[in-house]
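Me: I've got a structure to go through with you. Can we take it piece by piece?

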Amino acid sequence: MEWTPDGDNSDVEDRRGESGGGGGGGFNVGGIGGMHFGIGGTLLLVVLSLVFKTNLFSVLGGGGGVPTSTVRPAPDRVSSATETKEAQLAIFVLNDVQKTWAKLLPEQANIPYRHAKLVLFTDETQSGCGDAQSATGPFYCPADEKVYIDLGFFQELSDKFGAPGEFAEAYVVAHELGHHVQKLLGTESKVQRLSQSNPSQRNPLSVKLELQADCYAGVWGHTTEERKIIDDADVAAGLRAAASVGDDRLQRMATGHVTPENFTHGTSAQRSQWFQTGLKSGTIAACDTFGAR
């Protein structure tokens with residue numbers, strides 16, 4: 001992936017090294033109407049299910065929550081030099097993705113783009129959706145329009161889930177900003193209303209929301225291909241990242257079997273498919289996961 005630090009930190013809040021977030025409200029585990037667990041939250045469920053020998057996918061699918069006492073410690077920190085580079089990459093991707101949507105949203109949806117913020121933190125901080133912890137993984141909070149990332153997550157993505165590479169990390173940031181685009185388009189609030197009126201559809205709606213964010217990440221990827229920022233190897237890394245966090249793969253890792261009724265993010269094949277759809281089309285219209293069969 002071709003990139004250089006651009007030095008623009010205007011949309012970044014660097015809270016690394018600050019004290020923990022302390023108390024605060026809980027959060028919506030399912031993601032609809034609260035923080036979007038995205039990639040990191042599903043990784044957390046794998047680890048916790050293995051540790052406690054309980055199918056937490058089933059628990060959360062039924063509307064339960066994860067007690068704060070079960071959150072695992074933050075992973076071992078990467079070296080300061082590595083984390084500095086990861087921070088620079090995350091900021092580059094943030095700025096590049098937002099420049100992309102600032103151009104595409106008015107052109108394709110006649111809607112102005114409003115910048116989100118990126119919060120870099122260590123271990124724990126406060127978000128508009130409640131406590132943000134490293135164990136939660138990267139997520140978007142629609143209440144304050146911020147993406148929260150503990151950079152230690154990228155080491156886990158590579159070491160434990162087989163998705164190394166700079167573009168895999170870029171995919172994570174682009175996916176979470178895809179949720180911000182959904183808020184600006186009104187998709188987030190519409191799904192929240194549908195979920196509240198028909199709770200039995202909560203998980204299927206969550207899957208469609210997450211797959212659409214994958215597709216929006218692909219839309220950004222399409223523009224980077226045009227600008228020669230990425231090559232075929234980078235695309236393959238993005239596809240591996242999408243596939244590594246499919247519900248079916250993570251459930252099988254955690255429990256040894258798959259329960260589709262508890263899916264909240266989509267299968268590995270679906271996540272790869274929708275990322276590729278955005279990558280090939282470069283359009284918002286192609287990312288209609290709600291209208292697709």
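Predicted model: local features only at pLDDT ≥ 70, side-chain atom pairs only at ≥ 80, totals over all residues.

Me: How many helices and strands in the protein chain, then?
Reply: Ten helices and six strands.

Me: What share of the residues is buried?
Reply: 55% of the 293 residues in the protein chain. Buried means under 20% relative accessible area.

Me: What about contacts between residues 24 or more positions apart?
Reply: They account for 77% of the chain's contacts with a separation of 6 or more.

Me: Switching to the sheet. What's the strand order?
Reply: β1-β2-β6-β5. The sheet is open, has four strands and shows mixed pairing.

Me: Which strands stand at the edges?
Reply: β1 (12–14) and β5 (139–141). Each has a single partner strand, so one side of each is left without a neighbour in the sheet.

Me: How much twist?
Reply: It averages 25° from one strand to the next.

Me: In which sense do β1 and β2 pair?
Reply: Parallel, over three bridges. β2 covers residues 117–120. Valine 12 has leucine 118 of β2 as its bridge partner.

Me: And what does leucine 118 partner with in β6?
Reply: Valine 147. β2 and β6 also pair in the parallel sense, over four bridges.

Me: Which strands does α3 touch?
Reply: β1 and β2. Helix α3 is residues 80–109, and it packs on the sheet. Its direction makes about 170° with that of β2.

Me: Where does α5 lie?
Reply: Across β5 and β6 (146–149). α5 runs at about 25° to β5.

Me: How does α5 cross α7?
Reply: The axes cross at roughly 115° and come within 7 Å. That is helix α5 (residues 166–185) against helix α7 (residues 202–226). The crossing is right-handed.

Me: Which residues make that contact?
Reply: From α5, they include Phe167, Tyr171, His175, His179 and Leu185. α7 contributes Leu209, Glu210, Asp214, Tyr216 and Trp220, among others.

Me: What's the phi of asparagine 110?
Reply: Positive, about 55°, although asparagine 110 is not a glycine. The residue sits in the loop between α3 and β2.

Me: Is asparagine 110 buried or exposed?
Reply: Exposed, with a relative accessible area of 68%. The cut-off for exposed is over 50%.

Me: And what about aspartate 123?
Reply: Aspartate 123 also has a positive phi, about 70°, and is not a glycine. Its place is in the loop between β2 and β3 (124–127).

Me: What's the relative accessible area of aspartate 123?
Reply: 40%, which makes aspartate 123 partly exposed.

Definitions and conventions: Residues numbered from 1 in each chain as written. Heavy atoms only, no water. Helix = DSSP H or I, 4+ residues; strand = E, 2+ residues; numbered from the N terminus. Buried < 20%, exposed > 50% of the residue type's maximum accessible area, 1.4 Å probe, protein only. Contact = heavy atoms within 4.5 Å. Axes fitted to C-alpha atoms, helices over the stretch in contact; angles between N-to-C directions. Left-handed = near helix turned anticlockwise from the far one by under 90°. Pairing = 2+ DSSP bridges.
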